[in-house]
Amino acid sequence: MTLAAWLESRTPAPPPALLARIELALGASLSGSASAAPDECVRAAVRLLEPLLEREGAGRECALDLLAADALVTYAFEAASADVEKLDAHALAAMTRLAALASASSYPSDARG
């Protein structure tokens, strides 16, 4: 099964605009194997979040990217849960990649909380 087919099988389906943004973020990986979903979804989420964290101010115009990143991380964990023996490794890799965004960001640390 391809990642695109796996994504299409998720229920409930995301709203069309969100699905389009998720698919755009996943790009060419959509034609790859669904078994890569945990890693590919996290990679896509990171690609969406990196430019947002570089901005000094993020407003409503960033909402769709934030929602898509959130959905991608959710999908990553949903896909990872299909193989319980690898779930811990996938979770650690995802948390490490996402945490690295905060430390790599040039946004002032006092504004991150």
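User: Which residues have the most contacts inside the largest nonpolar core?

Analyst: This is a predicted model, where local features need pLDDT of at least 70, side-chain atom pairs count only at pLDDT 80 or more, and totals for chains, interfaces and linings use all residues. Residues are numbered from 1 along each chain as its sequence is written, and side-chain values use heavy atoms, with hydrogens and water left out. A nonpolar core is a set of buried Ala, Val, Leu, Ile, Met, Phe, Trp, Tyr and Cys residues joined through side-chain atoms within 4.5 Å; buried means under 20% relative accessible area, exposed over 50%, partly exposed in between (1.4 Å probe, protein chains only). The largest has 29 residues, and those with the most contacts inside it are Trp6, Leu7, Ile22, Leu26, Leu72 and Tyr75.

User: Which element gives the largest share of this core?

Analyst: Helices (H or I, at least four residues) are DSSP runs, numbered from the N terminus. Two or more core residues come from each of α1, α2, α3, α4 and α5. The largest share is 9 residues, from α3.

User: Which residues does Ile22 touch, not counting residues up to four places away in sequence?

Analyst: Contact means heavy atoms within 4.5 Å. Ile22 is one of the core residues with the most contacts. Its partners are Leu7, Ala68, Ala71, Leu72 and Tyr75.

User: Against which helices do the buried residues of α4 pack?

Analyst: Helix α4 covers residues 63-80. Its buried residues include Asp65, Ala68, Leu72 and Tyr75. They pack against α1 (3-8), α2 (16-26), α3 (37-54) and α5 (84-104).

User: How is α4 oriented relative to α5, roughly parallel or roughly antiparallel?

Analyst: Axes are lines fitted to C-alpha atoms, for helices over the stretch in contact, and angles run from 0 to 180 degrees between N-to-C directions. Here the angle is about 160°, with the axes 9 Å apart. Angles under 35 degrees count as roughly parallel, over 145 as roughly antiparallel, 65 to 115 as roughly perpendicular and the rest as oblique. Therefore α4 is roughly antiparallel to α5.

User: Which residues of α5 make the contact with α4?

Analyst: From α4 come Val73, Phe77 and Ala80. From α5 come Val84, Leu87, His90, Ala91, Ala94 and Leu98.

How values were computed:
The expected span of a helix is 1.5 Å times one less than its number of residues.
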